[in-house]
Amino acid sequence: MCDREYGNGNDIVNGNGIGNGNGLGNGIGKCNGNGNGLDNIIANGHGIGNGNGLGSIVGIGHGIGNGNGLGNSHGIANGHSNGNGYVNGSGKVNGATVGKMRPMDSKVLREQGHLMVDFIADYYKNLEDSPQDFPVLSKVQPGYLRDMLPDSAPEHPEPLNELLDDVSKKIIPGITHWQSPSYFAYYAASTSVAGFLGEMLNAGLSVVGFTWLTSPAATELEVIVLDWLAKLLQLPDHFLSTGNGGGVVQGTGCEAVLVVVLAARHKMLKTNGKASLSRLVVYATDQTHSSFGKACLIAGIHEENIRLLKTDSSTNYAMPPKSLEEAISSDLAKGFIPFFICATVGTTSSAAVDPLVPLGEIAKSYGIWMHVDAAYAGNSCICPEFRKHIDGIENADSFNINAHKWLFANQTCSPLWVKDRYSLIDALKTDPEYLEYKVSKREEVINFKDWQISLSRRFRSLKLWMVLRLYGAENLRNFIRDHVNLAKHFEDYVIQDPHFEVVTIRYFSLVCFRLAPVDGDEEKCNKQNRELLAAVNSTGKIFISHTALSGKFILRFAVGAPLTEEKHVNEAWKIIQNHASKIIHNGNY
Ligand SMILES: Cc1ncc(COP(=O)(O)O)c(C=O)c1O
């Protein structure tokens, strides 16, 4: 909408439309030119509109004006125009304006929102129905997009339909389709309609709940939903908000581990003095996610004080408690201060499970903070049959899952529970005057800004709440079980084929496998598996990933995309087998 004052100039309104409309749109929007007929308002009105009018626009200078509009727009310019409006567009010009705009106009939102939902729903339908059009692993080359887009941002509005056309032609080819039913790489980015709707509602309400005051519902819902989830996971009561602990939704697992390292460090420095920082040591394994090292780096923990304990196949790549105990004793003897253990339930490489019971006992006996990173596998612990993998959680100080990995909560949503919320708050609290407020029952109020790095925060619990309500726990358990069963189905194929081997014990929905070595030739075996990975991924029909364990190049098949069914797993296995047989028989692919 152009908002021109007293002008003699020209207002140019390039509305763009998508139109399917109803003729009487808001053509030019408000053109408040107060000119005396000297303003020309030229609207190339596209608009979104529902324009069925052939409407010669009538620049209906509502209100203020003397406006004359000429044109052949579908839609009407509700312009408050005092100039001469020429509208040559079709559809409404809602929002396609120059000058003063209404960025969150409800009519525009309704119309464009419907279009966007249709676009996304079509995407999901096409992913299933026309997989040949969507190579799971994008085939574009670096820099592909630069040649397809202009050098600078548009000066004038462009129509949504043109933009969506660009998405289809230019963006989608550069998308790796994490939501494809044939996506089996890394760990999934778990989505659902409920999670999507939650994201939508979050974007729509767009509140910033850094303190209770800034959106009481955002804080209170988060507290309640994380208590619900803690109960589904059968976490000990001290992780509930009714005790000293509680949950908070962090953005990612990386943020979760960082805040707890900071909390534990703060506690230690309070006891031992700030000068002791260089003596603080932490423990994890060579399988621990790289986010832990980064958290230590940010927290100022000296790199040489990060003990990554060695793992191997004898513990299925889990942390050996004996190694931990020995490392702690040795560090204590040298004057170091052990203060943090990062245990993992479901490592990134192979979904290994560190034994929380003995590790927790060691942590407790030395007064060391134990964090449990269960980013992927922790989600499965809402099923009674998988809950055993977090037995021993009683002795952990903090516990984290990524609901965006396997609880259908869309990126990003990373619930973190702590045993003692004051340890987090002590480390991270800020109290600038401009955020102060008075409230009754002050002691009951939570300000989540003090539980995280950033101040601003999204209302992420909404989508978790929606996922839990719209599906119910029983369905969620069954979704997870389906994925585990599909992984088992794949594993059975691997076991039955003598050319292949399963490399680690499978607990969840990840299968680690490879073409087996012939005559113990590990080097050739690694080479063949690399070739196999490249070959199957280059088909565009499936996407799997890899890792290395004890120097072996391993293929990873992780089930978790929301549309994956048995037929996709069967198809994936066929592709892998076909390419493997070429590699085996040709000797060279
Ligand atoms: C075990 C584990 N921890 C932490 C992370 C990091 O999570 P995020 O990407 O949410 O930071 C991952 C990611 O795959 C993971 O597998």
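In this predicted model, Lys270 is exposed, at 56% relative accessibility. The side chain of Lys270 meets that of Asp426 in a salt bridge, with an N to O distance of 3.1 Å. Asp426 is partly exposed, at 43% relative accessibility.

Lys169 and Asp165 are both in helix H2 (residues 160–171), four residues apart, or about one turn of the helix. Their side chains meet at 2.7 Å, N to O. Lys169 is exposed, with a relative accessible area of 52%. Asp165 is partly exposed, at 35%.

Glu474 and Arg481 form a further salt bridge, at 3.7 Å, N to O. Glu474 is partly exposed because its relative accessible area, 44%, falls between the 20% and 50% limits. Through shared partners, salt bridges join Glu385, Glu474, Arg477 and Arg481 into one network. The count of salt bridges comes to 21.

The surface also carries a nonpolar patch. Val117, Val193, Leu197, Met200 and Leu470 make up this patch of about 410 Å². Helix H3 (residues 193–205) gives the most to the patch, with three residues. Met200 is placed in helix H3. At 39% relative accessibility, Met200 is partly exposed.

Seven strands form an open sheet with mixed pairing, in the order E6-E12-E11-E10-E9-E7-E8. Strand E6 (246–250) and strand E8 (306–309) are the edge strands, each pairing on one side only. From one strand to the next, the twist averages 20°. Strands E11 (residues 398–400) and E12 (residues 414–418) run antiparallel and are joined by three bridges. Asn400 stands opposite Leu416 in E12. Helix H7 (residues 321–333) packs on the sheet, where H7 touches strand E7 (280–285), E8 and strand E9 (337–344). The direction of H7 makes about 165° with that of E7.

Across the chain, there are 14 helices and 16 strands. Of the 589 residues, 53% are buried. Among contacts between residues at least 6 apart in sequence, 74% join residues at least 24 apart. The chain exposes about 26200 Å², and carbon and sulfur atoms supply 54% of that area.

Definitions and conventions
Residues numbered from 1 in each chain as written. Predicted model: local features only at pLDDT ≥ 70, side-chain atom pairs only at ≥ 80, totals over all residues. Heavy atoms only, no water. Patch = residues over 30% accessible without salt bridge, like charges linked within 9 Å, V, L, I, M, F, W, Y side chains within 5 Å. Areas by Shrake-Rupley, 256 points an atom, 1.4 Å probe, with all protein chains shown as cover. Salt bridge = Lys/Arg side-chain N within 4 Å of Asp/Glu carboxyl O. Helix = DSSP H or I, 4+ residues; strand = E, 2+ residues; numbered from the N terminus. Buried < 20%, exposed > 50% of the residue type's maximum accessible area, 1.4 Å probe, protein only. Pairing = 2+ DSSP bridges. Axes fitted to C-alpha atoms, helices over the stretch in contact; angles between N-to-C directions. Contact = heavy atoms within 4.5 Å.
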